[in-house]
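Work through the exercises below with the sequence and the coordinates at hand. Each task is followed by a solution that goes step by step.

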Amino acid sequence: MTANRSLGLLQVVAIGIGGMVGGGIFAVLGLAADLGKGGTPVAFLLAGIVALVTSYSYARLSVAFPSAGGTTRFLDEAFGGGLLSGGLNVLLWESYIVMIALYAYAFGSYGASYLPAGWSAVGKHALIIAVILLFTGINALGANIVGEAEEWIVAFKLAILALFVLAGLTAIDPSRLAPSTWASPLGLVAGGMIIFVAYEGFELIANTAKDTRDPERTLPRAYGISVVLVMVLYIAVSAVAVGTLSSSEIAAAQDYALAAAARPVLGAVGFLLITVAALLSTASAINATLYGTARVSYTLAKDGELPEDLERRVWDRPVEGLFITSALALLAASFLDLSSISVAGSAGFLFIFLAVNVACYRLSDRARSSRGIALLGCVLCAAALGILLVEIGLSSPGRLVVPALLLVAAFGIEGAYRGVRERRRTERRA
């Protein structure tokens, strides 16, 4: 059957931008500013360069191996169906769980910013629990409430961010962006990589490959255009935020820094607009990521990389993976702070993107890709991951516990399950 190739360049670019500006910038801007100081725009630029080079590998692999599975398909093609690809795919699932936790944490933080000081902590956790449970229920019932309004939500938040930038350019204090205010070079790189989660959404373009018109031409352009446009947006937004708020103001409002930065630029109305945009954006991102992640777990179970129970159908839908995903995200968002969640998410995706660049290098003949660019992607991802882990290890070693546990769990679960499955096969043959 011929694929229904209904998506053109603009639609695919919109998917990439929507995936990146999903909720990450609202969640991590304060953290980035706290780490990068006046050099925060440079930190976003550095993270964007890593994303841009990696998007080349995604583009070539998407054209060569079009599949709704995206990253999981690329890893299986490059590394076979063994422990390595299985562990990497489980790590991808875990990283998406961390992203849901990040979005839920941001939703709770922005929502609680309007509560009285004495109720903000309790209110934030209540909102975190409520938003995850709400969209778990919506996905379990097969509803698509937010999905139908996704294009309007993306347009609204981009319009608000553009208004914020245009109004804020006149309010910037250049002295707050001077090189003398920047963090150290290693600090800038680490600051850029800890908020790398704000860029990871470009990989959603891979899932559109079968539905894209003229994919050989459209997909590479869509990857490049979407990443570059988001880089420009993030650099401008961060420049306005750091240029209008002092370090103490950023620290005081770290979890909802973008709304706080809008107050001196657009007044109370600006604070409200950014808060509404953040709530809509993070809510839609939770919904979309829950939908996709539950199906990733289902696909991995079908491929034999996770237990078969995750493909068991409840209410005629494969929702067991959804419930497990939601429960783990709820635990992460409730018991981890923003920095720990961001470190875990960024480290997980940098590791996955390193593997995708390696895959592009190994599959260069079939993907018709440049080994040099794929190798550059490998070097950049490996260096970024190494600097992030070293810098965090020196400053806050406790924050490395979660990414370490995710990595050990991914390969431990995969290895243990493969061992159990092999024993069952042996017993059946006996």
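Glu-77 is partly exposed, with a relative accessible area of 25%, where buried means under 20% relative accessible area, exposed over 50%, and partly exposed in between (1.4 Å probe, protein chains only). The model is predicted, so that local features need pLDDT of at least 70 and side-chain atom pairs count only at pLDDT 80 or more, while totals for chains, interfaces and linings use all residues. Residues are numbered from 1 along each chain as its sequence is written, and side-chain values use heavy atoms, with hydrogens and water left out.

**Exercise 1.** Find the residues with which Glu-77 forms salt bridges, a salt bridge being a side-chain nitrogen of Lys or Arg within 4 Å of a carboxyl oxygen of Asp or Glu.

*Solution.* 
- Step 1: Arg-73 is one partner of Glu-77, and the closest N and O atoms of this pair are 2.9 Å apart.
- Step 2: Arg-73 and Glu-77 are 4 residues apart in helix α4 (residues 71-79), and therefore about one helical turn separates them; helices are DSSP runs (H or I, at least four residues), as strands are (E, at least two), numbered from the N terminus.
- Step 3: Arg-73 is partly exposed, at a relative accessible area of 27%.
- Step 4: Arg-366 also meets the side chain of Glu-77 in a salt bridge, at 3.0 Å from N to O.
- Step 5: This second pair links distant parts of the chain, since Glu-77 is in helix α4 and Arg-366 in helix α14 (residues 364-367), 289 residues apart.

## Aromatic pairs and a charge over a ring

**Exercise 2.** Describe the aromatic pair of Tyr-58 and Phe-353 and that of Phe-202 and Tyr-223.

*Solution.* 
- Step 1: The structure holds 14 aromatic pairs, the rule being that rings of Phe, Tyr and Trp (its six-membered ring) pair if their centres lie within 6.5 Å, with planes under 30 degrees apart counted as stacked, over 60 as edge-to-face and the rest as tilted.
- Step 2: Tyr-58 and Phe-353 are edge-to-face, at 5.5 Å centre to centre and with 80° between the planes.
- Step 3: Tyr-58 belongs to helix α3 (residues 40-64) and Phe-353 to helix α13 (residues 338-362), so that the pair links distant parts of the chain, 295 residues apart. Both Tyr-58 and Phe-353 are buried.
- Step 4: Phe-202 and Tyr-223 are edge-to-face too, with 6.3 Å between centres and 75° between planes.
- Step 5: Phe-202 is in the loop between α8 and α9 and Tyr-223 in helix α9, 21 residues apart; Phe-202 is buried at 0% relative accessible area, and Tyr-223 is buried at 0%.
- Step 6: One aromatic cluster includes Tyr-58, Phe-353, Phe-202 and Tyr-223.

**Exercise 3.** Which ring does the charged end of Arg-263 sit over?

*Solution.* 
- Step 1: The criterion requires NZ of Lys or CZ of Arg within 6 Å of the ring centre and within 35 degrees of the ring normal.
- Step 2: The charged end of Arg-263 sits over the ring of Phe-271, 4.2 Å from its centre.

## A buried serine

**Exercise 4.** Locate Ser-369 and list what Ser-369 is in contact with.

*Solution.* 
- Step 1: Ser-369 is found in the loop between α14 and α15 (371-395), and Ser-369 is buried, with a relative accessible area of 13%.
- Step 2: With neighbours within four places in sequence left aside, Ser-369 is in contact with Tyr-56, Arg-60, Cys-360 and Ser-364, contact meaning heavy atoms within 4.5 Å.
- Step 3: As for Cys-360, its backbone oxygen is reached by the side chain of Ser-369 at 3.3 Å.

Definitions and conventions: Polar contact = N/O pair within 3.5 Å; in protein donor to acceptor, adjacent residues only side chain to side chain.
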